[in-house]
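User: Could you walk me through this one? I'd like to start with helix packing and then move to the ligand.

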Amino acid sequence: MKAIVQDRYGGLEVLEFRDIDRPVPEDDQVLVRVHAAGLDRGVWHVMAGLPYLIRLVGFGVRRPKVRVRGMDVAGRVEAVGREVTRFRPGEAVFGWADGSFADYARAPEDHFQPKPATLSFEQAAVVPISGLAALQALRDQGEVQPGQQVLVIGAAGGVGSFAVQLAKAFGAQVTGVASTSQLELVRSIGADAVIDYTRQDVTDGTRHFDLILDCAGRRTLSQLRRALTPKGTLVIVGGEGGGRWMGGFLRNLRAPVLSRFGGQRLRMLASKERPEDLQTLRELLEAGQVTPVIDRTFPLPEVPEAFRQLVEGRGRGGKLVITI
Ligand SMILES: NC(=O)c1ccc[n+]([C@@H]2O[C@H](COP(=O)([O-])OP(=O)(O)OC[C@H]3O[C@@H](n4cnc5c(N)ncnc54)[C@H](OP(=O)(O)O)[C@@H]3O)[C@@H](O)[C@H]2O)c1
């Protein structure tokens with residue numbers, strides 16, 4: 001089968017479009033014929049092996065343990081292992097599987113949910129990683145409540161575009177921060193107000209929010225605290241840049257320490273792929289409360305071009321998808 005493979009960490013030049021053996025599902029696994037695979041920052045970090053911290057937390061010290069890139073996936077079940085009870089060949093599913101930039105990918109059955117009939121494979125494929133991060137940031141770390149004023153920084157991005165819709169579904173009043181060309185998108189997915197970060201500093205102390213989800217820009221903790229109410233909660237989701245060893249992670253580590261002083265809660269997200277949370281997302285998708293936003297699709301051989309757009313930005317907002 002065809003796949004995007006890398007034998008070493010590095011830039012886009014390490015990615016090869018080549019033939020490899022088709023995976024065989026183990027007893028508890030499902031083999032999926034991949035139709036679409038979402039692209040996100042995490043996949044880029046694993047490709048690059050940066051920050052170095054990620055090499056030490058299980059992705060492979062000298063080279064990536066898993067050679068095929070990609071994680072988010074949607075497709076049809078091709079075959080199932082002997083112990084699999086929930087799926088049969090032919091069913092449309094979405095979920096997460098190591099190595100989804102390939103014709104086929106396999107993973108334990110609890111990594112998958114039935115694909116909502118209302119979604120295309122492309123839409124379903126962008127849900128797991130970004131949708132789970134947004135859900136866990138809002139519900140678990142942010143403890144969002146109906147009626148709260150919620151600020152989503154990076155509202156047009158992969159996580160942010162889910163967070164805006166989920167916060168609305170939880171009954172919050174949502175303000176989205178994005179660049180000029182993406183403001184319309186942020187409004188269209190339900191934000192009550194938008195802020196153009198190229199024209200206005202959201203942390204200038206003139207507005208205060210009960211909950212801030214910080215998905216981009218790496219503003220300092222003291223800047224972000226200025227935009228919180230006295231008992232508000234900040235959830236650090238991410239932000240690119242930073243040093244080669246820790247990336248933006250030092251800020252994440254400082255947040256819980258500073259949180260001990262004063263009434264504001266400063267938290268960091270370390271999202272986890274949880275089957276029950278993917279089911280929650282499926283239910284919200286089926287109810288029409290969340291609709292994945294697709295920026296652009298790329299065929300499998302053009303994964304490097306897709307990574308380029310991911311890193312350089314300048315898209316319309318939403319998620320990038322690889323189609324197979
Ligand atoms: N903690 C966790 O468990 C977890 C889980 C998932 C993701 N993450 C991290 O969370 C971050 C966001 O991920 P993502 O997939 O949403 O990335 P993304 O799709 O690249 O979205 C980032 C968005 O932020 C916007 N942006 C850039 N600079 C900004 C600024 N200064 N102020 C406000 N918005 C700005 C970008 O638009 P423009 O370029 O047009 O400005 C883009 O729309 C990444 O760093 C990712 O690694 C963390």
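**Helix packing, ligand and backbone**

Analyst: In this predicted model, helix 1 (residues 41-48) packs with helix 10 (residues 303-312) at an angle of about 110°, and their axes are 11 Å apart.

User: How are helix 1 and helix 10 oriented to each other, then?

Analyst: Angles of 65 to 115 degrees count as roughly perpendicular, so helix 1 and helix 10 are roughly perpendicular to each other. Helix 1 passes helix 10 in a left-handed crossing.

User: And which residues meet there, in helix 1 and helix 10?

Analyst: From helix 1, Arg 41, Val 43, Trp 44 and Met 47 meet Phe 307, Leu 310 and Val 311 of helix 10. By class, this contact has six nonpolar residues, one charged residue and no polar ones.

User: Switching to the ligand: which residues come nearest?

Analyst: There are 22 residues around the ligand, of which Ser 179, Tyr 197, Glu 240, Leu 269 and Ser 271 come nearest.

User: What is the distance from a ligand oxygen to the side chain of Tyr 197?

Analyst: An oxygen atom of the ligand is 2.4 Å from an N or O atom in the Tyr 197 side chain. For Arg 41, the distance from a ligand oxygen to a side-chain N or O atom is 3.3 Å, while a polar backbone atom of Gly 158 is 2.8 Å from an oxygen of the ligand.

User: Last topic, the backbone: where is the cis peptide bond?

Analyst: The cis peptide bond joins Leu 50 and Pro 51, with omega about -10°, and Pro 51 is found in the loop between helix 1 and helix 2 (53-59).

Methods: Residues numbered from 1 in each chain as written. Predicted model: local features only at pLDDT ≥ 70, side-chain atom pairs only at ≥ 80, totals over all residues. Heavy atoms only, no water. Axes fitted to C-alpha atoms, helices over the stretch in contact; angles between N-to-C directions. Helix = DSSP H or I, 4+ residues; strand = E, 2+ residues; numbered from the N terminus. Parallel < 35°, antiparallel > 145°, perpendicular 65-115°, else oblique. Left-handed = near helix turned anticlockwise from the far one by under 90°. Contact = heavy atoms within 4.5 Å. Nonpolar A, V, L, I, M, F, W, Y, C, P; charged D, E, K, R; others polar. Near = heavy atom within 4 Å. Polar contact = N/O pair within 3.5 Å; in protein donor to acceptor, adjacent residues only side chain to side chain.
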